[in-house]
Amino acid sequence: MDLSLAGVVGAAVGIGVGLVDYGLIASIVRRALERRPGLIEPRRADLLMKVLFVVNAIVFAALGWWLGVSVAGTGLPAPG
């Protein structure tokens with residue numbers, strides 16, 4: 001499997017953007033959970049935050065990889 005530099009850099013930038021996005025989304029979710037006490041138990045809220053973090057990191061890393069490879073032109077060859 002070949003790793004292109006553009007893809008790795010794109011994935012790293014994507015994770016950085018994903019961390020910022022996670023911070024925003026997590027603060028909104030926490031605020032909503034604090035407004036309604038008893039809506040979800042604390043253990044489930046922690047699990048929700050962990051799942052949200054992992055999904056966010058994977059999605060933004062994949063988008064960053066795709067964007068980096070697309071911009072550099074080192075992605076899959078064009079058909080034909």
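The axes of helix 1 (residues 5-35) and helix 2 (residues 42-72) come within 6 Å of each other and cross at roughly 150°. That angle makes helix 1 roughly antiparallel to helix 2, a term for angles over 145 degrees. The axes are lines fitted to C-alpha atoms over the stretch in contact, with angles running from 0 to 180 degrees between N-to-C directions. The helices themselves are DSSP runs (H or I, at least four residues), numbered from the N terminus.

This is a predicted model, in which local features need pLDDT of at least 70 and side-chain atom pairs count only at pLDDT 80 or more, while totals for chains, interfaces and linings use all residues. Residues are numbered from 1 along each chain as its sequence is written, and side-chain values use heavy atoms, with hydrogens and water left out.

Helix 1 passes helix 2 in a right-handed crossing, meaning that the near helix is turned clockwise from the far one by less than a right angle. By class, the contact of helix 1 with helix 2 has 22 nonpolar, seven polar and two charged residues. Here Ala, Val, Leu, Ile, Met, Phe, Trp, Tyr, Cys and Pro count as nonpolar, Asp, Glu, Lys and Arg as charged, and the others, Gly among them, as polar.

The count of aromatic pairs, for rings with centres within 6.5 Å, comes to one. The ring centres of Tyr 22 and Phe 53 are 5.2 Å apart and their planes lie at 80°, so the pair is edge-to-face (over 60 degrees). Tyr 22 belongs to helix 1 and Phe 53 to helix 2, 31 residues apart, and the pair thus links distant parts of the chain.

Relative accessible areas are listed below; buried means under 20%, exposed over 50% and partly exposed in between, with a 1.4 Å probe and protein chains only.

| Residue | Relative accessible area | Class |
|---|---|---|
| Tyr 22 | 15% | buried |
| Phe 53 | 36% | partly exposed |
| Ser 4 | 19% | buried |
| Gly 68 | 15% | buried |

Ser 4 is found in the segment before helix 1. A polar atom of its side chain lies 3.1 Å from the backbone nitrogen of Gly 7. Gly 68 is found in helix 2, and its C-alpha atom is separated by 34 Å from that of Arg 31, 37 residues apart along the chain.

Notes. Helices (H or I, at least four residues) and strands (E, at least two) are DSSP runs, numbered from the N terminus. Angles under 35 degrees count as roughly parallel, over 145 as roughly antiparallel, 65 to 115 as roughly perpendicular and the rest as oblique. Rings of Phe, Tyr and Trp (its six-membered ring) pair if their centres lie within 6.5 Å; planes under 30 degrees apart count as stacked, over 60 as edge-to-face and the rest as tilted. A polar contact is a pair of N or O atoms within 3.5 Å; within protein, one must be able to donate a hydrogen and the other to accept it, and residues adjacent in sequence count only if both atoms are side-chain atoms.
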